[in-house]
Every structure is written in structure tokens, then in C-alpha cells.
Amino acid sequence: MSEIEPLKAKFDELETVLKLVKELEKRQRSNVRSHYQKQQLIASVRATTYVMLYNALEGTMRSVMKSIREKIEAEGILFDQATEYWRLDLVQSNFLDKMQSGTSHGNLLVEFVPLTTRPLFWDELKKDRLPFSGNFGQATAIKLKEGLEISWSAPPHTLGGSYLDNVRERRNALAHGLESFSEAGDKVLAKDLLAMLDRVRKFMLSYIAALESYRDTQGYVRQPGAVGDRTVDLQGIADSFEGEPLQTGE
């Protein structure tokens with residue numbers, strides 16, 4: 001199942017909301033009665049856009065990552081058949097939490113050896129885990145694309161996905177109470193949010209299509225005759241889990 005159409009529907013819903021807000025802004029300027037209360041309401045609706053948009057993006061990313069892991073499982077891809085990214089993804093999914101909690105290394109090795117001869121399989125609770133620390137944004141989108149070795153570039157007129165960071169930062173400020181919805185909404189107009197939505201839409205629909213193409217063409221399978229694997233940022237991947245960073249050596 002593709003996540004493109006559900007994401008399009010969410011973008012369309014947000015666009016409808018913002019167009020209504022834009023119309024309310026026009027009416028507000030010509031009607032001074034109850035100006036303050038209406039202005040607060042309009043500002044709050046503008047700010048809500050950041051939360052709705054971020055939730056749509058993160059939810060879609062979780063669904064796509066889960067679909068890739070489920071396809072790998074369904075095809076019975078063995079440990080040594082998978083690319084290094086997914087081998088490491090499986091290992092950290094199974095062992096990183098245990099290592100951080102102080103589990104015996106000897107016991108971990110006993111569990112690890114059989115893993116290398118079996119098909120890849122993730123715990124159900126971790127299938128939709130996002131493979132990066134912090135929140136979804138431009139840097140994490142590019143890092144995942146490079147980690148999967150996907151040949152993809154941001155579409156023109158999307159500023160390389162930089163608006164994803166604006167959405168993330170505003171959403172986090174609202175979620176953590178660093179600014180009120182009315183304060184955040186006072187800093188932007190509906191027309192600016194519509195322009196932002198357009199760029200995010202173009203970037204993300206193209207990005208999700210690239211991830212789904214990677215999934216459908218079995219990009220997670222090592223190519224026959226490949227000599228070695230590239231170096232993976234172990235610390236960076238380990239940091240995607242809660243708890244203390246994995247110590248990879250002095």
C-alpha cells in the first residue's frame with residue numbers, strides 16, 4: 001500500500017483550512033467588532049497548522065519504514081542477504097537497549113550468533129521506529145536517504161526541504177509550551193503558510209515516492225558480487241534510541 005494518497009489527502013485538508021483562514025483574515029480587517037478575540041482565534045488556527053503538518057509527516061514516515069521492514073520479513077531476507085543498513089538496524093533493534101541496561105555481554109553473544117543465520121525479523125513494537133534521533137526534518141531526511149543509498153534529489157522550488165525544519169521547530173515550541181498558539185500564529189499569515197505547505201508537499205511526495213520505489217525494487221538486498229560495505233555511523237544510529245549513547249571505543 002502506498003502512503004502517497006493518504007499524505008496527499010492530509011495536505012489537501014490543511015490547504016483547505018489555510019484558505020479559510022486567509023478569507024477570515026480579509027474579513028477581520030474590514031470588521032473591527034470583537035477584533036481582539038477574533039484575531040486570537042485566527043492566530044491560533046494558523047499555529048495549529050504546524051502541529052497538524054508535522055504529525056502528518058512523522059506519521060507517514062513511520063508507516064513507510066514499517067512497510068519496508070514488513071516486506072523484508074515477508075520475503076524471508078536472510079541476514080547476510082540484506083544491505084549493511086538493515087543488518088545494523090536489526091542488531092540495534094534487538095540488542096542496543098539490552099546493552100545500555102547492562103545485560104551480560106556473554107548472553108548477548110549467545111543471542112547474536114543465531115541471528116546472523118536467520119531471516120530478518122523485528123519486534124512488532126519497533127517496526128515503525130524512526131531511524132534517527134530527535135524529530136523529522138531536513139537533515140534527518142537526507143541522512144536516511146544517504147544511509148539507504150537512494151539516488152534521489154529534492155525537487156526544484158522546495159529549498160531542499162529546509163521548510164521541514166521550520167515546521168519541526170514551531171511544532172516543538174508549541175508542544176513544549178515555549179510559546180502559545182496565539183503568539184506563534186501572530187508571526188505568520190495564511191498566505192505564508194500556504195507557500196510553506198506547497199514546498200513541503202512537493203518535497204515530501206517526491207521523497208516518499210523514492211522510499212516506496214526503494215521498497216518495491218528491493219533496494220534492501222545486497223547486490224551480487226558487491227565487495228564489502230560502506231562505513232556506517234554507529235554512534236549516530238545508536239543515538240536514535242533513548243538512553244545513554246553507545247560507547248564505540250576511545
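1. A nonpolar core is a set of buried Ala, Val, Leu, Ile, Met, Phe, Trp, Tyr and Cys residues joined through side-chain atoms within 4.5 Å. In this predicted model, the largest such core has 52 residues. The residues with the most contacts inside this core are Trp-86, Phe-136, Met-204 and Tyr-207.

2. At least two residues each come from helix 1 (4-29), helix 2 (35-74), helix 3 (84-100), helix 5 (138-147), helix 6 and helix 8. Helix 8 gives the most, namely 13 residues.

3. After helix 8 comes Gln-218, which has a positive phi, near 60°.

4. Phe-136 may be examined through its contacts. Not counting residues up to four places away in sequence, Phe-136 touches Tyr-54, Leu-57, Met-61, Ala-141, Leu-164, Arg-168, Met-204 and Tyr-207. Two of these, Met-204 and Tyr-207, are also listed with Phe-136 among the residues with the most contacts inside the core.

5. Arg-168 also takes part in salt bridges. The side chains of Arg-168 and Asp-165 meet in one, with 2.7 Å from N to O. Arg-168 and Asp-165 are three residues apart in helix 6 (residues 163-175), and they are therefore separated by about one helical turn. An α-helix has 3.6 residues a turn, so residues three or four places apart point the same way. Both Arg-168 and Asp-165 are buried. Arg-168 forms a further salt bridge with Glu-169, where the closest N and O atoms are 3.6 Å apart. Glu-169 counts as partly exposed, because its relative accessibility is 43%.

6. Asp-165 counts as buried because its relative accessibility is 18%, and the limit for buried is under 20%. A polar atom of the Asp-165 side chain lies 3.0 Å from the backbone nitrogen of Gln-138. Leaving aside neighbours within four places in sequence, Asp-165 is in contact with Gly-137, Gln-138 and Ala-139.

7. The count of salt bridges in the model comes to 18. One of them joins Lys-127 to Glu-124, the closest N and O atoms being 3.0 Å apart. Lys-127 is buried, with a relative accessible area of 6%. Elsewhere, a network of salt bridges links Asp-12, Glu-15, Lys-19 and Arg-201.

Notes
Residues are numbered from 1 along each chain as its sequence is written. This is a predicted model: local features need pLDDT of at least 70, side-chain atom pairs count only at pLDDT 80 or more; totals for chains, interfaces and linings use all residues. Side-chain values use heavy atoms; hydrogens and water are left out. Helices (H or I, at least four residues) and strands (E, at least two) are DSSP runs, numbered from the N terminus. A salt bridge is a side-chain nitrogen of Lys or Arg within 4 Å of a carboxyl oxygen of Asp or Glu. Buried means under 20% relative accessible area, exposed over 50%, partly exposed in between (1.4 Å probe, protein chains only). Contact means heavy atoms within 4.5 Å. A polar contact is a pair of N or O atoms within 3.5 Å; within protein, one must be able to donate a hydrogen and the other to accept it, and residues adjacent in sequence count only if both atoms are side-chain atoms.
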